[in-house]
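Here's a walk through a few packing details worth a look. Have the sequence and the model open side by side.

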Amino acid sequence: MTQQDGGAASPPLVCFSPAVRNVFSVCFTVCRPVPFVDDFYIHKKHFAAADLDVDLSGRSFMVTGANSGIGKAAAQEIASRGGTVHLVCRNKGRAEAAKDDIVQRSQNPNVHVHIVDMSSARQVWEFAQRFSQDNALHVLINNAGCMVNQRELTDEGLEKNFATNTLGTFILTTALIPTLQKAEDPRVVTVSSGGMLTQKLNLDDLQFEKGAFDGTMAYAQNKRQQVVLTERWAALHKNIHFSSMHPGWADTPAVQSSMPSFHAKMQSRLRTEAMGADTVVWLAVSAAAAKQPSGLFFQDRKAVATHLPLAASRSSSQDDDRLLAALQELALKFKP
């Protein structure tokens, strides 16, 4: 799966790998209600429509993984409300096509493309430094991600899921914090996943070098790391509003490519890309979201728990700080 380029009955899980069955079993039998399309409509009844009735003229937004799926849907909504949008994508052709579509639909010409491979630590550093020299930024939306099912190393020798989902997100956010701090009402929204509920922070094997590799579990661990980072950033940078969120199960190109069996069986129940992006946009633009405490995890415009009842998934504050320190040390090795 790659986004660089987005009380129900349990589904039949026997066709999936044991790791995938573990994630789905938790999400479908413990986490109720299940975040499918029907559940979105239930929650939507309680949404305040006026929350998204905003004029974003003069505000600048960066969306990673914005050429398709949830990232593109979020960028579209922001552009339609007058915001300046910076699309951070890996593939130039798909990025330019997404830009053209967003501009055409929104009639907003202030949409810009930046070509960056989020799995390349050096590229992320270089981009953030260049961007900060010439641009203001009010909101960063960390949406790019990947689920690589075989252990694969980047050209920099990093495990690809970790490099994209965790280290790339960490570097981009860290590098842009000084720029965000200059803006009025700055925010950082990170698209995580409910799959992180199956994971406790594991600092002993950040790049999955030990034991059998499973891309689904690697992805879920990365998503737990993103939630922990959001909490730590919120504590460290009080003048920026940080949040993470679960978009629910949405019918995106990423889900189609990385989980084809799941997609084929559950397609009729998956949310649309716009539904998956709704809480991203709400967190990025609404006054109501800014009134929520910084550092929380959201689903369907509501703060929700980051741990299941009785689950042994909580890490200590010392371990959370160790994660931050480990990422900082590794990130600096690639800083130009």
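Leaving out residues up to four places away in sequence, S192 touches K223, Q226, V227, M245, P247 and F297, where contact means heavy atoms within 4.5 Å. S192 sits in the loop between β5 (187-191) and α7; helices (H or I, at least four residues) and strands (E, at least two) are DSSP runs, numbered from the N terminus. At 2% relative accessibility, S192 counts as buried, the cut-offs being under 20% relative accessible area for buried, over 50% for exposed and partly exposed in between (1.4 Å probe, protein chains only).

A word on ground rules: this is a predicted model, so local features need pLDDT of at least 70 and side-chain atom pairs pLDDT 80 or more, while totals for chains, interfaces and linings use all residues. Residues are numbered from 1 along each chain as its sequence is written, and side-chain values use heavy atoms, with hydrogens and water left out.

The loop between β5 and α7 also holds F208. F208 has a positive phi of about 55° although it is not a glycine. L310 does likewise, with phi near 70°, and its place is in the loop between β8 (302-304) and α12. Here is how some of these residues compare on accessibility.

| Residue | Relative accessible area | Class |
|---|---|---|
| F208 | 13% | buried |
| F213 | 22% | partly exposed |
| S80 | 42% | partly exposed |
| L310 | 91% | exposed |

Now for the rings. Phe, Tyr and Trp (its six-membered ring) pair if their centres lie within 6.5 Å; planes under 30 degrees apart count as stacked, over 60 as edge-to-face and the rest as tilted. By this rule the count comes to five aromatic pairs. F170 and W233 are stacked, at 6.3 Å centre to centre with 20° between the planes. That pair links distant parts of the chain, as F170 is in helix α6 (residues 160-181) and W233 in helix α7 (residues 215-236), 63 residues apart. Both F170 and W233 are buried. F208 and F213 make an edge-to-face pair, because their planes lie at 70°, with the centres 6.1 Å apart. Ring pairs also link F170, W233 and F242 into a cluster.

What about the nonpolar cores? Such a core is a set of buried Ala, Val, Leu, Ile, Met, Phe, Trp, Tyr and Cys residues joined through side-chain atoms within 4.5 Å. The largest one has 42 residues, and M62, L167 and L172 touch the most other members. Two or more residues each come from α5 (121-134), α6, α7 and α12 (317-332), with α6 giving the most, ten residues. L167 touches A121, L158, F162, L327, L330 and A331, again not counting residues up to four places away in sequence. A second, separate core of 32 residues includes F61, C89, I102 and I141.

Finally, a helix pair. The axes of α3 (residues 69-80) and α4 (residues 92-106) come within 9 Å and cross at roughly 35°; axes are lines fitted to C-alpha atoms, for helices over the stretch in contact, and angles run from 0 to 180 degrees between N-to-C directions. The contact is made by K72, A75, Q76, A79 and S80 of α3 and A98, D101, I102, R105 and S106 of α4. The C-alpha atoms of S80 and Q107, 27 residues apart along the chain, are separated by 7.5 Å.
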